[in-house]
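I opened this entry to keep a record of what I looked up in one structure. My notes follow in the order in which I made them.

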Amino acid sequence: MLRTMQAVRRPGLIVVLAALVLASSAGASSSSLEQRLAKALTVPHVSRARTAALVFDLQTGTTVFSVHDSLSLAPASNEKLAVTYAALVGLGPDFRIATDVVGRGELDGSVWRGSLLLVGRGDPTLSSKGLAALARQVKATGIRSVTGAVLGDESYFDSLRTAPGWKSWFYINESPPLSALTVDRAFYGGRTWRNPALGAAVAFRAALRRAGISVAGAAGTGLARDGGVPLASVESAPLATILRWMDRASDNFTAELLLKQLGTLVAGQGTTAAGATFVSQTLAGAGVPLAGVRIVDGSGLSQLDRVTARELAGILEAAWADDELRPVLLAALPVAGVNGTLSDRMRRPPARGNVVAKTGTTAISSALSGYVRRRYVFSVLQNGHPVSALWARRAQDRFATVLAAQ
């Protein structure tokens, strides 16, 4: 009888023991992962108290690791993730930015009796090539000479050249002057123009002459009033392409102009403050946690910006959940060991090609936030006065590599 009972109970006992072993194994595995991630973040010259990190498993919907994830910290260029997401939501991946030529006056045979206005709407990629295309279009209308001036109109945005909270030396060194009308990033004649609209007018006047159109008047700035005659127009590449350049190169100028572009959706005129309001509203609408967050500019250069690891991970989760935005954001971010600001980091397996993330570096902040193997969302933020960029990046790379090895 005893033998019979033992025989009956043994299969159940085996099942129970197996379940306990699996549970123990899973717990140990989870604990081991947490320990390895925590160890990865432990480096010299980087404050543990000023380090925040969060890992979210997209497959299980659970938080795998977190430390100080609600701590309010300076973001560096991880601020561009918020602008990227808000721009995709507010404008759409296919949005293009136009630059127009408007005539003030009338056409008399082949003579335009009046002025031409080059009207900018915030294209950060407008180049001399675009001006040449505009000049050819003007010529195609039959115009061979212009009696008046060539004027640059930058009124689509405000005229502030920097954003709040920037150090004085960021102007020119970290970003050209901000303007709705900027050609070749305001670099003309071997120098950066402090008045980008005037520089654009000078460059367009030269482009008209090269196209065979004589211009009697000088270059200047002005406003395109109602009643002007549309003569030419060019468009930027789609927003998805602009974002790919911005995020991979971590370009401050593009981020700031896109923020002002978003400001036009709120205030009619592009301002940094209006753009920041739009970004905040968009993130809140997506359910992104904003406690401890302060959005002041688009690039992350502002000393007033604050983010949390929870917010950055929330942005990445929201983008991942959107079937339209997910591939665009993934294509925009640098890939470890392959391109952009991660081309010389994590060059070896398992991280190479499997970590897709936005970098960020200033004197007081270092950050890396993105995706690993399309399974994990992660964010690492480190602050200090200063923070060691070398050791901070080493910690970030080790952290992402641990996830890539899973």
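**Charges over rings**

I started with arginines and tryptophans: R394 lies over the face of W391, with 4.5 Å to the ring centre. I counted a charge as over a ring if NZ of Lys or CZ of Arg is within 6 Å of the ring centre and within 35 degrees of the ring normal. I found R191 placed over the face of W193 too, at 4.4 Å from the ring centre.

**What kind of model this is**

I noted that this is a predicted model, in which local features need pLDDT of at least 70 and side-chain atom pairs count only at pLDDT 80 or more, while totals for chains, interfaces and linings use all residues. Residues are numbered from 1 along each chain as its sequence is written, and side-chain values use heavy atoms, with hydrogens and water left out.

I then looked up pLDDT, the predictor's confidence in each residue, from 0 to 100. The protein has an average pLDDT of 93, and 93% of the residues score at least 70. Over residues 1-28 pLDDT stays under 50, and there the model has 0 contacts beyond four places in sequence. A contact means heavy atoms within 4.5 Å.

**Aromatic pairs**

How many aromatic pairs are there? I used this rule: rings of Phe, Tyr and Trp (its six-membered ring) pair if their centres lie within 6.5 Å; planes under 30 degrees apart count as stacked, over 60 as edge-to-face and the rest as tilted. The count by this rule is 6 aromatic pairs.

One of them is F65 with F399, an edge-to-face pair at 5.7 Å centre to centre and 65 degrees between the planes. This pair links distant parts of the chain, as F65 is in strand β2 (residues 62-67) and F399 is in helix α11 (residues 389-404), 334 residues apart. Helices (H or I, at least four residues) and strands (E, at least two) are DSSP runs, numbered from the N terminus.

F65 counts as buried because its relative accessibility is 8%, and F399 is buried at 0%.

Next I checked W320 and Y371, whose ring centres are 5.2 Å apart with planes at 45 degrees, so the pair is tilted. W320 lies in helix α9 (residues 309-321) and Y371 in strand β13 (residues 365-372), so the pair ties together parts 51 residues apart in sequence. W320 is buried at 16%, and Y371 is buried at 2%.

I also wrote down a cluster: ring pairs link F65, F378 and F399.

**The sheet**

I traced an open sheet of 5 strands in the order β2-β1-β14-β13-β12, with antiparallel pairing. Two strands pair if DSSP finds at least two bridges between them. The edge strands are β2 and β12 (355-361), each pairing on one side only.

Strand β1 (residues 51-57) pairs with β2 in the antiparallel sense over 5 bridges. In β2, F65 stands opposite V55. The hairpin of β1 and β2 has 4 residues between the strands, and G61 takes a positive phi near 70 degrees there.

On strand β14 (residues 376-383), I found 7 bridges to β1, again antiparallel. Here A52 stands opposite L381 in β14.

**One serine**

Last, I looked up S115, which has its place in strand β4 (residues 111-119). S115 counts as buried because its relative accessibility is 15%. Leaving out residues up to four places away in sequence, S115 touches V102, G103, R104, G148 and A149.

Conventions
Buried means under 20% relative accessible area, exposed over 50%, partly exposed in between (1.4 Å probe, protein chains only).
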